[in-house]
Amino acid sequence: MEKRFRFNLLDLLVIVVLLAVGFVVYTRIGPESAEPAEARDVTFTVLVSRVPEVQARNMFNVGDVLYSPSAQPAAEVVDVTMRPSPVVLEDGGFLREGESRYFRDVLVTARGRAVKVQNHYELRGQSLQIGREFSLATPRTVVKGTVVDVRW
């Protein structure tokens with residue numbers, strides 16, 4: 001003899017409560033919660049130090065797209081500036097500051113959309129704090145530099 005399970009009012013109430021709890025959990029920590037609470041446009045400058053002169057001239061161009069470490073478009077280059085790298089020279093037994101003839105410091109200014117995470121802003125997973133390391137990647141170049149300026 002086969003026994004059949006019959007639903008009663010208590011079973012129906014348990015199912016409704018479980019569905020309600022599932023809905024609350026989904027809306028609190030589901031896909032909608034992944035959207036940033038606070039995002040803003042940011043312009044930032046990254047310093048890449050001691051780059052050979054020939055390489056420095058071909059690294060970045062205005063209009064290049066910078067990609068995140070996860071290969072997502074993150075920002076657009078709006079300015080590229082080069083200057084001689086500082087060096088220490090010996091002059092008659094004394095040390096003095098000078099400029100390198102062979103190496104350049106490259107300042108890359110870019111614009112993107114940053115998201116507030118705890119006490120700082122991040123651009124596609126990279127911290128935008130002055131003094132922090134930042135990876136600059138284009139189809140031609142992948143280098144690391146230091147964030148030297150952040151403007152909102």
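Me: Which residues have the most contacts inside the largest nonpolar core?

Reply: In this predicted model, the largest nonpolar core is made up of 24 residues. In soluble globular proteins, nonpolar side chains tend to be buried together. Within this core, the residues with the most contacts are Phe44, Phe60, Val106, Phe134 and Leu136.

Me: Which strand gives the most residues to this core?

Reply: Two or more residues come from each of several elements, including helix 2 (53-59), strand 3 (73-91), strand 4 (94-117) and strand 8 (142-151). Strand 1, which covers residues 39-52, gives five residues, and the element that gives the most to this core is therefore strand 1.

Me: Which residues does Phe44 touch, leaving aside those up to four places away in sequence?

Reply: Phe44 is among the residues with the most contacts inside the largest nonpolar core, and Phe134, another residue of that group, is one of its contacts. Not counting residues up to four places away in sequence, Phe44 touches Ala75, Val108, Thr109, Ala110, Leu123, Leu128, Phe134, Asp149 and Val150.

Me: How many helices and how many strands does the chain have?

Reply: Read along the sequence, the elements follow the pattern α-β-α-β-β-β-β-β-β-β. The count for the chain is two helices and eight strands.

Me: Why is the chain described as more spread out than a compact globule, and what is its radius of gyration?

Reply: Along its principal axes, the C-alpha trace spans about 105 × 30 × 30 Å. For 152 residues the globule rule gives 15 Å, and the chain is well over that value, so it is more spread out than a compact globule, with a radius of gyration of 27 Å.

Me: What share of the residues of the chain count as buried?

Reply: A residue counts as buried when its relative accessible area is under 20%. Applied to the 152 residues of the chain, this gives a buried share of 30%.

Me: How far apart are the end C-alpha atoms of helix 1, and what span should its residues have?

Reply: Helix 1 runs over residues 9-29, and at the start of this helix a side-chain oxygen of Asn8 reaches to within 3.1 Å of the backbone nitrogen of Leu10. At 1.5 Å a residue, the 21 residues of the helix should span 30 Å, which agrees with the distance between its end C-alpha atoms, 31 Å.

Me: How many bridges join strand 3 to strand 4?

Reply: Strand 3 runs antiparallel to strand 2 (residues 65-67), to which three bridges join it, and Val65 stands opposite Glu76 in strand 3. Strand 3 and strand 4 also run antiparallel, and here Asp91 stands opposite Phe94 in strand 4. The number of bridges that join strand 3 to strand 4 is 15.

Me: Which residue takes a positive phi in the hairpin of strand 3 and strand 4?

Reply: In the hairpin of strand 2 and strand 3, which has five residues between the strands, Ala71 takes a positive phi near 70 degrees. The hairpin of strand 3 and strand 4 has two residues between the strands, and the residue with a positive phi, near 65 degrees, is Gly92.

Me: How far apart in space are Val78 and Arg111?

Reply: Val78 is found in strand 3 and is partly exposed, with a relative accessible area of 27%. Val78 touches Val62, Thr109, Ala110 and Arg111, not counting residues up to four places away in sequence. Although Val78 and Arg111 are 33 residues apart in sequence, their C-alpha to C-alpha distance is 6.8 Å.

Me: Is Ser127 buried or exposed?

Reply: Ser127 lies in strand 6 (residues 126-127), and its side chain makes a polar contact with the side chain of Gln129 at 3.4 Å. Ser127 also touches residues including His120, Tyr121, Arg132 and Val147. Because its relative accessible area of 10% is under the 20% limit, Ser127 is buried.

Me: Is Gln118 buried or exposed?

Reply: Gln118 has its place in the loop between strand 4 and strand 5, and its phi is positive, about 55 degrees, although it is not a glycine. The cut-off for exposed is over 50% relative accessible area, and because Gln118 has 72%, it is exposed.

Me: What is the relative accessible area of Arg124?

Reply: Arg124 is found in the loop between strand 5 and strand 6, and it has a positive phi of about 50 degrees although it is not a glycine. Arg124 is partly exposed, with a relative accessible area of 48%.

Definitions and conventions:
Residues numbered from 1 in each chain as written. Predicted model: local features only at pLDDT ≥ 70, side-chain atom pairs only at ≥ 80, totals over all residues. Heavy atoms only, no water. Helix = DSSP H or I, 4+ residues; strand = E, 2+ residues; numbered from the N terminus. Expected span 1.5 Å × (residues − 1). Polar contact = N/O pair within 3.5 Å; in protein donor to acceptor, adjacent residues only side chain to side chain. Core = buried A, V, L, I, M, F, W, Y, C linked by side-chain atoms within 4.5 Å. Buried < 20%, exposed > 50% of the residue type's maximum accessible area, 1.4 Å probe, protein only. Contact = heavy atoms within 4.5 Å. Pairing = 2+ DSSP bridges. Rg over C-alpha atoms; globule rule 2.2 N^0.38 Å.
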